[in-house]
Amino acid sequence: MHDCRLSEVEGPAKLASTELELKLLNRLISMGLAPGREILVISRGRSGVLLEVDNSMIFVSRKVAHLLSCEVDDHGR
Amino acid sequence: MDAKIVLFGHPNVGKSVLFNQLTGLTAVVSNYPGTTVEVYEGEARVEGFRLRILDAPGAYSLLATNEAEDVARRLLLEGKPDVVVHVADATSLKRHLYLTLELMELGLPLILVLNQVDRAEKAGIEIDKRELERVLGIPVVLTAAVEGRGIGELLKTIVDVLRSRRAPSPPKLPPEVEGCLTKLEEHLSDRLPPELGRFARALASLTALGDEEFGHLTEDLPSELRERLEGLGRDLALARAELANAICERAVVSRGRALKPSVIDRLLVRPAAGLAIASSIMLAVVWSMLAIIHEIAHRLPSTLYYGFYEPIVRGGLDAALPDGLIKYILIGDSPGIYSSLGLLTTGVFFVFFMILPCLFILYLVLGILEDSGLLPRLAVPFDAPLRKVGACGEAMCPIVAGSGCSIVGVFATRILRTEKARFVASFIQWIGVPCMAEQVMIWLVLGSYGPIYVALLYAILLATTVATGLILNALLPGDEEPLIMELPPWRRPQLRNVLKKTMVRLREFLLKGTPLVLLGVLVVNLLYYTGLIGALAGLLEPVVSGLFNLPSHVVAALVIGVLRKDVAVGMLKAVAPGMTAPQMLTAVTVVTLYFPCVGSLVVTLKELGPKRTLLMIVIMTIITIAVGGLVGLLSRLSLG
């Protein structure tokens, strides 16, 4: 396992703890993007990252994706 | 016995479908977040109870991040509900339980409804309802609202809860978090107004999470608690998320995926590909609609009007009524749609033979787009371009809704998170997005000179919107909120729902729009009958003729444009029949830009306040003079 930013991830990953501003953290958690949750990056591009979490599809802009750290197994990127 | 029931939950979980099933009403239902931005109310009678059921706007959390979420929260804190029904998606319970845990802190009787259980079953998701009820301490009901499944059980559970009046205890959090929250709750209890005292625990949590509305109550917090506040908020949010995980691990077994991302979804995050796909789809839709409207929705009603209606009504009344004001008002003094200006000729033609058939087609297509899940997806590729003009991707839903009717569109800006984005998104609708009824008229009136002029008009409106947006973005203060957005699953639109929605919208037009259309025709009729049109035209001639290069009688259409823009565009042929194509282009541009219709103005005043509305009117006036003058100059040059 290794740590990286969400904006760099492809495939499955696990959201790690974050040091985000409190309101943004609450917004992310209330939408399902809580630390420890398993996610699957569906697609990423210059606009941001489209990911799957708990059977839902969430788009996260590139700016936020840069702030979120993830744990990825060594086969993933 | 009366009881107030509030349906609460994330956007797009099927609250409105459930509301319709419970009440038999027809709240508009769509497959995108933010369809409901105001509160719908209906009634159900069961076992001697009269249930007043309220459908709250979607909210992810009690910590409101936009106006729609704030409206939803106020419904709980100020609306004195007897029972709160949390509607959650059975396929993604982990995400929804965070809100359940928040709602449990309110101390109001609570029911958890797991909707779309049919999708969950298909995806191999098993929910242990009993275990969930045991762990949470609240009743749980499984529903598939679209099929009407579980509705009877929900009504019975509501009655049971009303009889027992049992409210849940707050969820058990780690002792350290619990201890700090209790201290904060005690501090707030002494300072809250009596009607909010019962929510002290929930408000303590919200304050810890940085809620601004109750922040002032923490000004005299003991220093050790004040220092702990931000950390407490973080710990609280994380503890709730962990608790939601733990509960799901005990009560949910998932053996499959309910989500099937499409190729379009994968390409959306690539700006060029995403924009190309979104624009191509929109262009294809507009082009098809144009063809359908021209071939079917206009030609057939026109044949019916000229072949049957006009000879009977006009011919009959012309013979039956003596010459005078009444006859002039009803059928005018000359034949022909545009020159007659009578209520029963021009008025009836506009409403029933021109606008209504076209609106039917347009609303049908809009309904299909809404229900398929395409609309919210437009937010992703359009986020970057819209940010350049001061809005954001989420503004696409209000803007597209505004292409139906700007009253709905301006209301829908409640889903946006900053005042700046709301202002810009509302303003874009005022100047750059003609409503459907006006577009119908534009296609029919300006389109009669050739489709190139309609294309030119849209190019002018787009360029004006982009230029104004760039300036507004540079001048207006305000923060930017990053786009984090849930995309709904793709769904095959249900013809029944699309038709129902189309009928609801057409009924709205008939009830609210028709009187204004007829009033508009009547006003123009009287302007001509009394000769006032001459005086008005003389007064505004320097601007209308001098600056815009238009016949001075166009002023009659501008007067009517305040009431209805569609009528104003339709009237252009009547009040100034000899206009050239470039002049008609100038006239339609000016009518579209110079002022919002009265309905849109009232809603904007309510939503954005008088100061911002006045600012919008001032900017509109400047834009009209500049753009109208420029297009007028070009039309003068083209005429040689």
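In the predicted model, an open sheet is built from seven strands in the order β1(A)-β6(A)-β2(A)-β3(A)-β4(A)-β5(A)-β9(B), with antiparallel pairing. Its edges are formed by β1 (2-5) of chain A and by β9 of chain B, each of which pairs on one side only. From one strand to the next, the twist averages 40°. Strands of a sheet pair through backbone hydrogen bonds, in either a parallel or an antiparallel manner.

The contact between the chains involves 41 residues of chain B and 34 residues of chain A. On the chain B side, at least two residues each are supplied by α3, α9 (223-251), α10 (263-268), α11 (271-320), α16 (379-388) and β9 (484-487). The largest share, seven residues, comes from α9(B). By class, the side of chain B that touches chain A consists of 23 nonpolar, eight polar and 10 charged residues.

A further open sheet, of six strands, lies in chain B; its order is β2-β3-β1-β4-β5-β7 and its pairing is mixed. Strands β2 (40-46) and β7 (140-142) of chain B are at the edges with a single partner strand each, so one side of each has no neighbour in the sheet. The twist in this sheet averages 25° from one strand to the next. Strand β4 (residues 83-89) of chain B and strand β5 (residues 110-115) of chain B run parallel and are joined by six bridges. In this pair, B:A88 has B:L114 of β5(B) as its bridge partner. Helix α3 (residues 93-104) of chain B lies across β1 (2-9), β4 and β5 of chain B, and runs at about 165° to β4(B). Helix α3 of chain B is also among the elements that supply residues to the side touching chain A.

Two other helices of chain B, α26 (residues 581-594) and α28 (residues 610-638), pack with their axes 9 Å apart and at an angle of about 180°. As this angle is over 145°, the cut-off for the class, α26(B) and α28(B) are therefore roughly antiparallel to each other. Residues of α26(B) in the contact include B:P582, B:L585, B:T589, B:V590 and B:L593, while those of α28(B) include B:M620, B:I623, B:V627, B:G628, B:V631 and B:L634. By class, this contact has 10 nonpolar, eight polar and no charged residues.

Helix α22 (residues 495-530) of chain B has 36 residues, which at 1.5 Å a residue should span 52 Å; the C-alpha atoms at its ends are 50 Å apart, in agreement with that value. Along α22(B), a bend of about 45° occurs at B:G513, and the proline B:P515 follows within four residues. Just after α22(B), B:G531 adopts a positive phi of about 85°.

Definitions and conventions
Residues are numbered from 1 along each chain as its sequence is written. Chains are lettered from A and ligands numbered from 1 in the order in which they are written. This is a predicted model: local features need pLDDT of at least 70, side-chain atom pairs count only at pLDDT 80 or more; totals for chains, interfaces and linings use all residues. Two strands pair if DSSP finds at least two bridges between them. Axes are lines fitted to C-alpha atoms, for helices over the stretch in contact, and angles run from 0 to 180 degrees between N-to-C directions. Two residues are in contact if their C-beta atoms, placed from the backbone, lie within 7 Å. Angles under 35 degrees count as roughly parallel, over 145 as roughly antiparallel, 65 to 115 as roughly perpendicular and the rest as oblique. Ala, Val, Leu, Ile, Met, Phe, Trp, Tyr, Cys and Pro count as nonpolar, Asp, Glu, Lys and Arg as charged, and the others, Gly among them, as polar. The expected span of a helix is 1.5 Å times one less than its number of residues. The bend at a residue is the angle between axes fitted to the seven residues ending there and the seven starting there.
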